[in-house]
Amino acid sequence: MAMNSDVVGRALARHRADPTRLLQILREVQEELDWIAPETARDIADGLGVPITRVQSVVQFYSFLYDKPRGRYRVLFSDNITDRMLGNAALFEHMLKRLKLRRGQTSWDGAASVDLTSCTGMCDQGPAILVNNFAVTRLTRKRVDEICELIRIGAPLGEWPAEFFHVDDNIRRRETLLTPLEPGAALDAAIARGRQGMMDEMKRSNLRGRGGAGFPTGTKFEGARNAPGATRYIVCNADEGEPGTFKDRVLLNSFSTRVLEGMAIAGYVVGATKGFIYLRGEYRHLQEQLQRDIDSMRASGRLGASIRGAPGFDFDIEIHMGAGGYVCGEGTAQVESLEGKPGRPRVRPPSMVSVGYLGKPTVVDNVETLAHCTEIAIEGGASFARRGTKTSTGTKLVSVSGDCERPGIYEYQFGVTIGRILQDCGAGPVTAVQIGGASGVLITPEEFSRRIAFEDVSTAGAFMVFGPDRDIFEVARNFAHFFAHESCGFCTPCRVGTAIQRNIMDKIAEGRGSNYEVNDLKRLAEFMKRTSHCGLGETAGNAVRDALNKFRPAFERRLRARDFAPAISLEAALEPARRITARDDAEAHLDVEG
Amino acid sequence: MDNEFTIDEQPVPFKPGQTILEAAKAAGIYIPHLCFQADFKRHGGCKMCTVLVNGRTQTACTHKAAVGQEVDVNTPELDAMRRSLVQMLFVEGNHFCPGCEKSGACQLQALGYEYEMMSPHFVELYPSRGVDASHPDVLIDFNRCILCELCVRASRDVDGKEVFAVAGRGLDAHLIINSPTGKLVDSAFAVTDRAAEVCPVGAILKKGVGFATAIGDRPYDRESISAEAESCEIPEVR
């Protein structure tokens with residue numbers, strides 16, 4: 001077995017002992033050593049010449065880094081509402097029982113731990129888990145048994161059946177983006193237009209950011225290009241953490257030529273020579289394949305110096321891995337994370353286009369946004385803008401999951417109605433659709449004529465369908481837990497507010513809530529929206545608010561008639577006494593819930 | 001005057017580059033704050049200084065003043081938000097004012113009075129946090145930490161020691177200490193550090209002087225926290 005210090009030494013050497021590589025170093029070290037022991041943390045801090053607290057801050061920020069032993073097999077069940085609907089809870093319990101573990105506990109022999117994690121982006125093929133960050137899809141009871149057996153005999157992950165790790169694209173509908181691109185064609189087209197010409201086409205296209213915010217991409221490119229300084233960066237935001245979204249996984253898996261050439265075109269227009277792909281830790285399975293794509297691009301002159309023979313067109317791409325943290329999808333948090341720090345959103349202004357990665361002008365754009373640049377290069381902005389609506393040009397990828405016959409990726413021109421998508425995906429009777437993920441909006445049948453567009457229902461593309469048997473209260477409660485888990489902790493309203501919101505939803509779920517709590521939930525949603533530091537906190541109350549406004553009975557049937565019920569549960573307060581006395585008989589419980 | 005904006009419809013001058021909070025302070029107008037102190041890098045995390053700038057909520061400690069801006073500071077709605085923020089900070093930690101030697105000199109307590117907080121309103125979270133009494137001169141009671149990061153900034157930017165940092169996410173965010181044992185005594189910290197002075201609450205306390213000033217005679221016993229604006233400086237809270 002490798003000496004820990006050798007592992008650390010090699011990781012430090014690979015990253016030239018650069019403190020901005022701290023997160024990458026920690027990830028790589030943990031892949032070999034399974035956790036970051038105190039002495040490992042100290043070796044890394046010493047090797048980088050930084051205080052130990054900087055290493056501890058990073059380890060404790062990211063969900064997939066561990067400062068306590070978590071076993072050689074670290075199993076995480078994706079716990080998005082779509083995984084719940086596919087029965088992940090029973091499978092989770094089954095695995096815990098088989099391995100004789102409690103949630104989050106590490107087995108006595110150091111073999112395994114089993115816990116829950118936020119949406120892993122496999123909603124169309126769940127229930128899904130991660131084993132040492134590698135995705136396993138379509139979990140069944142049988143597959144759980146097989147995994148438990150592989151863990152029991154200590155089979156290396158590389159020897160597990162390949163079909164466990166099979167991830168489908170599930171492309172159900174294509175327009176222009178989900179079509180093959182001849183390697184180099186988009187680059188040649190951009191070069192032929194020239195840097196300014198390509199910039200003009202970007203602006204003419206009216207392409208807007210596909211991450212959900214809809215900022216005009218050409219304006220962003222221009223801002224970064226015009227910012228003072230010689231060094232600029234392009235960041236491809238592949239931290240697809242919004243629950244219910246998985247389109248970027250498909251783009252990176254099967255359309256990487258579009259994504260990578262789109263990044264190079266962005267670099268060409270902006271005057272950047274370096275690009276990063278910030279790949280979420282949950283997509284670890286894509287890392288090697290994407291690296292091969294980058295390497296072969298470089299080998300064929302589509303990356304590197306003088307791309308396609310164009311003098312001065314120098315651009316290269318590096319993959320940075322995330323390590324579990326929804327907030328890192330926020331642009332400024334992502335740049336912090338790229339710099340090897342905890343992903344806490346920065347104070348704005350200044351904006352990224354003037355002061356971004358390492359203080360240099362930086363363009364952070366969604367995977368899908370950058371992929372569209374290849375279309376604009378080839379056909380021109382005016383042609384691109386003919387698709388979609390006047391203010392929402394081009395096509396949009398929609399990630400459909402939940403109660404429908406054909407979950408997967410659908411490409412539509414902007415302006416498509418929600419009803420049309422439901423029809424195409426084979427949804428039966430529908431109670432509601434959550435569009436835009438946990439931070440998005442809950443849409444009811446009377447709104448199904450509304451359109452997917454920045455001017456109507458604006459979304460990064462998550463589309464979760466809920467049938468007549470689904471309990472919208474539980475949907476909202478799942479999202480409330482999600483935000484409490486993912487809040488970065490920087491600002492008071494989000495750090496504390498998301499926890500309070502979660503606790504209130506739990507209290508109502510236990511049948512101990514009253515109108516008092518309902519009123520508090522409404523106030524909290526508005527309060528977090530108005531006072532939070534970033535989009536995470538601003539949207540953390542949306543799902544609960546929408547559920548309250550549109551599905552009030554789902555709350556009311558759980559409420560007590562009284563004006564107020566105390567937070568303390570006498571029944572729950574007896575639990576320590578029951579544990580101490582090893583009793584669980586009827587006499588040890590209260591008849592009536594306090 | 002050219003460089004002028006308004007706070008609650010009163011004209012306020014500013015120097016280019018000044019934040020709304022700085023300009024207000026210079027003009028003797030009080031805007032509440034916890035994580036801001038003039039000597040340190042802006043943080044913007046506590047959100048107590050939330051104001052309306054042309055109708056939109058902004059943190060006054062990070063938002064630059066600009067010509068013609070209309071800033072609202074004292075509205076019933078903003079005061080209610082501030083009260084909620086104070087209540088959240090109270091329920092997040094373990095704050096028992098009657099037993100705290102910072103009582104009367106604590107900015108969180110003073111803001112509770114300022115915004116007429118009559119109850120915690122939210123259900124207490126009662127976190128399980130410890131105390132670090134290892135250092136001979138200074139005690140840290142993590143139960144009272146509000147994560148303002150003033151000690152982090154003071155130690156890093158003024159003392160040049162980087163003794164403190166925040167680790168963990170969400171509600172698990174907590175102060176950590178840069179030393180081999182994680183204890184303050186084994187760190188480079190000294191009682192003469194600026195970081196020993198800046199805590200706005202009772203988390204970092206000098207030993208042996210806790211009751212040198214009697215309760216009742218302390219800064220916020222004598223006058224409300226909003227009175228600080230009149231002297232344009234933060235009262236002595238030692």
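This is a predicted model: local features need pLDDT of at least 70, side-chain atom pairs count only at pLDDT 80 or more; totals for chains, interfaces and linings use all residues.
Tutor: Two residues are in contact if their C-beta atoms, placed from the backbone, lie within 7 Å. Residues are numbered from 1 along each chain as its sequence is written, while chains are lettered from A and ligands numbered from 1 in the order in which they are written.

Student: Which residues make helix 1 of chain A a contact partner of helix 3 of chain A?

Tutor: A:Asn4, A:Ser5, A:Val8 and A:Leu12 of helix 1 of chain A meet A:Glu39, A:Thr40, A:Asp43, A:Ile44 and A:Gly47 of helix 3 of chain A. The names come from DSSP runs numbered from the N terminus: helices are H or I with at least four residues, strands are E with at least two. Helix 1 of chain A covers residues 4-14 and helix 3 of chain A covers residues 38-48.

Student: What describes the packing of helix 1 and helix 3 of chain A?

Tutor: Two packed helices are described by the angle between their axes and the distance between the axes. For helix 1 and helix 3 of chain A, the angle is about 35° and the axes are 10 Å apart. (Axes are lines fitted to C-alpha atoms, for helices over the stretch in contact, and angles run from 0 to 180 degrees between N-to-C directions.) The residues of this contact divide into 3 nonpolar, 4 polar and 2 charged. (Ala, Val, Leu, Ile, Met, Phe, Trp, Tyr, Cys and Pro count as nonpolar, Asp, Glu, Lys and Arg as charged, and the others, Gly among them, as polar.)

Student: How does helix 1 of chain A sit against helix 2 of chain A?

Tutor: Their axes come within 9 Å and cross at roughly 150°. Among the residues making that contact are A:Val7 and A:Ala11 of helix 1 of chain A, and A:Ile25 and A:Val29 of helix 2 of chain A. It divides into 7 nonpolar, 1 polar and 2 charged residues.

Student: What makes one face of helix 3 of chain A the buried face?

Tutor: A:Thr40, A:Ala41, A:Asp43, A:Ile44 and A:Leu48 of this helix are buried. Seen down the axis of helix 3 of chain A, these residues fall within an arc of 160°, so they line one face of the helix. (The arc is that of the directions from the helix axis to the C-beta atoms.) They pack against helix 1, helix 2 (22-33) and helix 4 of chain A.

Student: Why does A:Arg470 count as buried?

Tutor: A residue is buried if 20 or more other C-beta atoms lie within 10 Å of its own, exposed if 12 or fewer, and partly exposed in between. A:Arg470 has 20 C-beta neighbours inside 10 Å, so A:Arg470 counts as buried. This residue is in the loop between strand 14 (462-466) and helix 17 of chain A. Leaving out residues up to four places away in sequence, A:Arg470 touches A:Met85, A:Asp403, A:Thr431 and A:Val475.

Student: How do you know that strand 6 and strand 9 of chain A pair?

Tutor: Two strands pair if DSSP finds at least two bridges between them. Strand 6 (residues 233-238) and strand 9 of chain A run parallel and are joined by 5 bridges, so they pass that test. A:Cys236 stands opposite A:Asp365 in strand 9 of chain A.

Student: What makes strand 8 and strand 9 of chain A edge strands?

Tutor: They belong to an open sheet of 4 strands with the order 8-7-6-9 and parallel pairing. Strand 8 (316-321) and strand 9 (362-366) of chain A each have a single partner strand, so one side of each is left without a neighbour in the sheet. The twist averages 20° from one strand to the next. Helix 11 (residues 256-270) of chain A packs on this sheet, touching strand 6, strand 7 (274-279), strand 8 and strand 9 of chain A.

Student: How do you know that strand 3 of chain B pairs with strand 4 of chain B?

Tutor: Strand 3 (residues 50-53) and strand 4 (residues 56-59) of chain B are antiparallel over 4 bridges. B:Val51 stands opposite B:Gln58. The two strands form a hairpin with 2 residues between them, and B:Asn54 in the turn has a positive phi of about 45°. Strand 3 of chain B is also joined by 2 bridges to strand 5 (residues 70-72) of chain B, running antiparallel.

Student: How many residues of each chain take part where chain A meets chain B?

Tutor: The contact takes 30 residues from chain A and 28 residues from chain B. On the chain A side, helix 18 supplies the largest share, 9 residues. That side divides into 14 nonpolar, 13 polar and 3 charged residues.
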